[in-house]
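Student: Could you take me through one part of this model in detail, namely the protein surface that faces the DNA?

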There are 2 protein chains.
Amino acid sequence: MYAETLKHIRRIIVEDNLAPGDKLPSERELAERLGVGRSSVREALRALEFLGLIETRRGEGTYMREVGSHQLIDLLAMFLLENERAKADLAETKWLIERLLLELACRRRSAEDVDELKKIVRQKPIDFVRFFQTVAEASGNFLLARIWRVLSGFAASFAPPPSLADAGYEQMLAALERQDSAKAAAVWEAHRPSSLSKRAGHRLTNNDAHFR
Amino acid sequence: MYAETLKHIRRIIVEDNLAPGDKLPSERELAERLGVGRSSVREALRALEFLGLIETRRGEGTYMREVGSHQLIDLLAMFLLENERAKADLAETKWLIERLLLELACRRRSAEDVDELKKIVRQKPIDFVRFFQTVAEASGNFLLARIWRVLSGFAASFAPPPSLADAGYEQMLAALERQDSAKAAAVWEAHRPSSLSKRAGHRLTNNDAHFR
DNA sequence: CTCATCCCACTGGTCTGACCACCTAATGGT
DNA sequence: ACCATTAGGTGGTCAGACCAGTGGGATGAG
């Protein structure tokens, strides 16, 4: 089992008290210490790399990485496409999370954030992605910002970014400046894409049967 | 690059029109068809297995799997611990998404959903996870439900599920029955954990430097 | 002594060939 | 018809080899 090898490596990480940026033992040394073949070590390391926990640099070595990245989801995206149902859910979820980000940003935005957003809104045509990227950063919730970025990346791969009237941006900006989260939510609601409003009769199937 | 190999394998899956349950070519055959070593094929397959897209059975072969599983995230959870910042974001995001699910469920819940929830609320002590699992299913948004499940799993790994007074469940249930999403949101807001309200001064650092 | 250059040991990336344990299906005997 | 045997194919693992980068230390020129 390479799962066993994974645990061993994790134990080494803990025991050696490895912090982000630190170097792991080489693959050959790990293989020797764990008493397994190098290929098994490699498969375990691949898993860790896939999770974004380590980073391998050819000719240098393997290094601990800051937690939080998950390009794994980007990869999953490649396979998740071509599914109408998933697309509809994606569009809706993205829209909903954008509302959450707006609300949070209203409470926590700094003066610099507002300045930055003003600059973005001044540049026509207004860059939707950049606007929300800034809002996401201003939200103060890194995890939610991250989820948004992933969803945004998904969506961009098969649909153009939503287009809003300039007036909409102005209203959002005003709400952010006055820290009026209710107003921001209302503005966002007013710009809800029509495709999201009518989804009645659309039910979940029990897709969890295979979770064994 | 094994990323290249991954794409090749994906192409084979698409071209051969492989459906869940179907058998993939053997590792040796794939290696020959793609002109790479078997170890490279194995590393690519490991990635797919990690994503829950395929299943390997020793002595039999490799098979397509229903999408949806993500033991990968459970593994990630093991490593994500020991990070206060991430925990705070997680708790907040989970709470926010629960609010979204409640709102969606108000609009789309069926009569059966309400019955199911009534049953859950009747059984004391009320099972928070089961309650929201049902709400998530009733939301009609599989993606958002899935995100919630992941977050919930994370949270459960280092904190007990939130405890609500029975009256809170009754209020939510009433809002769901009357399809009053504004009421549901208000109820949820009233039960906002105190730890989430005060997070001023908490800013994002630029954690993305390592995304190169 | 200082600095630039070169070289070599070491790293991850890949391929090959070889076993093993396991499963399946065809085989052949009863 | 039934069942035990067997041969071939499969994933799992390992060892060894070579490649292509990297880095630091030895070397030599100034």
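Tutor: A polar contact here is a pair of N or O atoms within 3.5 Å; within protein, one of the two must be able to donate a hydrogen and the other to accept it, and residues adjacent in sequence count only if both atoms are side-chain atoms. This is a predicted model, in which local features need pLDDT of at least 70 and side-chain atom pairs count only at pLDDT 80 or more, while totals for chains, interfaces and linings use all residues. Residues are numbered from 1 along each chain as its sequence is written, chains are lettered from A and ligands numbered from 1 in the order in which they are written, and side-chain values use heavy atoms, with hydrogens and water left out.

On DNA strand D, a polar side-chain atom of B:Arg46 lies 3.4 Å from a phosphate oxygen, and an N or O atom in the side chain of A:Ser40 is 2.5 Å from a phosphate oxygen. B:Arg28, by contrast, places a polar side-chain atom 3.0 Å from a base nitrogen of DNA strand D. There are 23 residues around DNA strand D, and those that come nearest are A:Gly37, A:Ser40, B:Glu27, B:Arg38 and B:Arg42, where near means that a heavy atom of the residue lies within 4 Å of the strand. Of the atoms of DNA strand D that come within 4 Å of the protein, sugar and phosphate account for 66%.

This surface draws at least two residues from each of α3 (38-50) of chain A and α2 (27-34), α3 (38-50), β1 (54-57) and β2 (61-64) of chain B; helices (H or I, at least four residues) and strands (E, at least two) are DSSP runs, numbered from the N terminus. By class, it holds two nonpolar, nine polar and 12 charged residues, with Ala, Val, Leu, Ile, Met, Phe, Trp, Tyr, Cys and Pro counted as nonpolar, Asp, Glu, Lys and Arg as charged, and the others, Gly among them, as polar.
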